[in-house]
Amino acid sequence: MLILECLLVYTIIFSFAQETIREMDFQYQGLCYAITDYDRYEVEVTIQNDSSSMENQTNYIGLDSVHIPAIVLGTDDHSYTVVGIGRCAFMDCYSLRKVYLPETAKYILGWAFMGCQNLEYVSIPDHFEKIEAYVFIDCVSLQKPIFPSTTLIDTHTFMWSPYEHTIIP
């Protein structure tokens, strides 16, 4: 019965996640980016695919660690500031162990690292603002991240991870 309940929750979460993924606008040094603010030239890392559906995604297969740059160059030759990690960006990237966010990052959206079972470490910048629900769902190898005291953290951020019942920070 518990397995069926878990599958039902996972299915509901996954269905919602699919509806809210930003489509990739461009790639830079192997990562995909979606423009979040055209006036401020801001982007977020997004899922590696050619549409907002989960079809044809490759989720950065084989990626062991990633250093996300603070500034990226778009296909329009503008420099964009990386302000966050989008929904489902690295979902089910089983090989991913370490993620280094730039100081410009302000948020991580839901399901960004869901199912990254080998993820051990994510650097969190000093001025980080928000982390949504289900970001680290099923990240069983995750070491306790340290967030600034001003960071808004959803109650379900660490579901099915070692810190599911831990109050952070």
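**A walk through the predicted fold**

Of the 169 residues in the protein chain, 46% are buried, where buried stands for a relative accessible area under 20%, exposed for over 50%, and partly exposed for what lies in between, with a 1.4 Å probe and protein chains only. This is a predicted model, in which local features need pLDDT of at least 70 and side-chain atom pairs count only at pLDDT 80 or more, while totals for chains, interfaces and linings use all residues. Residues are numbered from 1 along each chain as its sequence is written, and side-chain values use heavy atoms, with hydrogens and water left out.

The protein chain has 1 helix and 11 strands, taken as DSSP runs numbered from the N terminus, helices being H or I with at least four residues and strands E with at least two. Along the sequence, the pattern reads α-β-β-β-β-β-β-β-β-β-β-β.

Strand 1 (residues 26-28) runs antiparallel to strand 2 and is joined to it by 3 bridges; two strands are said to pair if DSSP finds at least two bridges between them. Phe-26 stands opposite Tyr-33 in strand 2, and the hairpin of strand 1 and strand 2 has 2 residues between the strands, with Gln-29 in the turn at a positive phi of about 50°. Strand 2 also pairs with strand 3, again in the antiparallel sense, over 5 bridges, and here Ala-34 has Glu-44 in strand 3 as its bridge partner. This hairpin has 4 residues between its strands, and Tyr-41 takes a positive phi near 55°. Strand 2 is mostly covered, since 5 of its 7 residues are buried.

Where do the nonpolar side chains gather? The largest nonpolar core has 38 residues, of which Ile-68, Ile-85, Phe-90, Leu-101, Phe-113, Leu-119 and Phe-136 touch the most other members; such a core is a set of buried Ala, Val, Leu, Ile, Met, Phe, Trp, Tyr and Cys residues joined through side-chain atoms within 4.5 Å. Strand 2, strand 3 and strand 6 each supply at least two residues of this core, and strand 2 gives the most, with 4 residues. Apart from it lies another core, of 10 residues, among them Ile-47, Met-91, Trp-111 and Met-114. In soluble globular proteins, nonpolar side chains tend to be buried together.

The structure holds 11 aromatic pairs, counted for rings of Phe, Tyr and Trp (its six-membered ring) whose centres lie within 6.5 Å, with planes under 30 degrees apart called stacked, over 60 edge-to-face and the rest tilted. Tyr-41 and Tyr-80 form an edge-to-face pair, 5.6 Å centre to centre with 70° between the planes. This pair links distant parts of the chain, 39 residues apart, with Tyr-41 in the loop between strand 2 (31-37) and strand 3 (42-46) and Tyr-80 in strand 6 (residues 79-85). Tyr-41 is partly exposed, at a relative accessible area of 32%, whereas Tyr-80 is buried, at 2%. Phe-147 and Phe-158 have ring centres 6.4 Å apart and planes at 65°, so this pair too is edge-to-face. Phe-147 is buried at 6% relative accessibility, and Phe-158 is buried at 5%. Both belong to one aromatic cluster, whose members also include Tyr-60, Phe-90, Phe-113, Phe-128 and Phe-136.
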